[in-house]
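Open the model in a viewer and keep the selection panel at hand. The stops below move from strand pairing to the packing inside and then to the charged side chains.

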Amino acid sequence: MVSTRPPVIPILENGDHLSRDEFERRYAAMSQLKKAELIEGVVYVPAALRYRKHGKPHSDIMTWLGVYAALTPGLEAADNPTVRLDLDNEPQPDALLRIKTAYGGQSSISEDDYVEGAPELIVEIASSSAAYDLHEKKTVYRRNGVREYIIWQVIDQRLSWFQLEAGEYILLSPDAQGIIHSRLFPGLDLSVAALLAGDVATVLTVVQQGIASADHVAYGDWLQSQCG
């Protein structure tokens, strides 16, 4: 007698070596799983996330990016979306900022609602310098053309902001006031000391000043001119 029971789909396990299609099949079958990534063909399933080491920093980053995206035409910020970068890499970054496709962005949204291609900016919240965000994922993002990459190493109290130049990531330095300025997104300014101290009010004051600048106004006008 032939069995009519559907085949059992294996669960995702840390260290599994899978194709992207098989990764997506197993991930879709695990409705209780909130985060899993495929990096260089290897599955990573993170442990439960802590409040101070991840939840609160993540919220602060999303608030900062969300304000900038809301006040800049043609941009979108997203929290924890799965990104199809290539056949061996499907990360789920903590945050991203992308230029919409209609405005000349380098990523798109697929019919099944995934990000396809490299968003312009990705942010990861990492525990320390030992995290794979600073090593394997950084290499993957560079190779796939993520133009700016921010890693917040919470335990180490350090934030690194990289810009892609000639195929390599160059570390951006704060100015005399301790503010890092995006090279790609005019007005996307970040007071590093305020962010690390949990002073979100100052973080927002700084980015709002950037949004009010003439450079940001000109950038907004340029973005709108790209939308046909």
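Predicted model: local features only at pLDDT ≥ 70, side-chain atom pairs only at ≥ 80, totals over all residues.

Two strands pair if DSSP finds at least two bridges between them.

**Stop 1: strand β5 and its partners**

Select β5 (95-99) together with β8 (121-126). These two strands pair in the antiparallel sense over three bridges. Within the pair, Leu96 stands opposite Ile122 in β8.

Next, show the side chains of β5. In a regular strand the side chains alternate between the two faces of the sheet. In β5, Ala95, Leu97 and Ile99 point one way, while Leu96 and Arg98 point the other way.

**Stop 2: helix α6**

Select α6 (214-226). At 1.5 Å a residue, its 13 residues should span 18 Å, and the end C-alpha atoms lie 19 Å apart, which agrees.

Which residues of α6 are buried? They are His216, Tyr219, Gly220 and Leu223. Turn the view to look down the axis of α6: the buried residues fall within an arc of 100 degrees, so they line one face of the helix. An α-helix has 3.6 residues a turn, so residues three or four places apart point the same way. On the face of α6 turned away from the buried side, look for the exposed residues Ala214 and Ser225.

To see what lies over the buried side of α6, show α2, β3, β5 and α5, which are among the elements that cover its buried residues.

**Stop 3: the nonpolar cores**

In soluble globular proteins, nonpolar side chains tend to be buried together. The largest nonpolar core in this model has 37 residues. Select Trp64, Trp161, Phe185 and Leu188, the residues with the most contacts inside this core. Elements that give two or more residues to the core include α2 (51-70), β9 (148-153), β10 (158-165), α4 (192-196) and α5 (200-211), along with β5, β8 and α6. Which element gives the most? It is α2, with seven residues.

Centre the view on Trp64 and show its contacts. Leaving out residues up to four places away in sequence, Trp64 touches Ile150, Trp161, Leu188, Asp189, Leu190, Val203, Leu204 and Val207. A second, separate core has 17 residues, with Ile39, Leu134, Tyr149 and Phe162 among them.

**Stop 4: Lys137**

Select Lys137, which sits in helix α3, residues 136-144. Is this lysine buried or exposed? Lys137 has a relative accessible area of 1%, so it is buried, the cut-off for buried being under 20%. With residues up to four places away in sequence set aside, its contacts are Glu37, Ile39, Pro91, Glu124, Tyr132 and Tyr149.

The side chain of Lys137 meets that of Glu37 in a salt bridge at 2.9 Å, N to O. Since Lys137 lies in helix α3 and Glu37 in strand β1 (residues 37-39), the pair ties together parts that are 100 residues apart in sequence. Glu37 is buried, as is Lys137. Lys137 also forms a salt bridge with Asp133, at 3.3 Å, N to O. Asp133 has a relative accessible area of 7% and is buried.

**Stop 5: helix α1**

Move to helix α1, residues 20-29. Its buried residues are Arg20, Glu22, Phe23, Glu24, Arg26 and Tyr27. Among the elements covering them are β1, β2 (42-44) and β4 (83-84).

Select Glu22 and Arg25. They form a salt bridge, with the closest N and O atoms 2.9 Å apart. Both residues are in α1, three residues apart, about one turn of the helix. Arg25 has 37% relative accessibility and counts as partly exposed.

The model has 16 salt bridges by count.

Definitions and conventions:
Residues numbered from 1 in each chain as written. Heavy atoms only, no water. Core = buried A, V, L, I, M, F, W, Y, C linked by side-chain atoms within 4.5 Å. Buried < 20%, exposed > 50% of the residue type's maximum accessible area, 1.4 Å probe, protein only. Helix = DSSP H or I, 4+ residues; strand = E, 2+ residues; numbered from the N terminus. Contact = heavy atoms within 4.5 Å. Salt bridge = Lys/Arg side-chain N within 4 Å of Asp/Glu carboxyl O. Expected span 1.5 Å × (residues − 1). Arc of directions from axis to C-beta.
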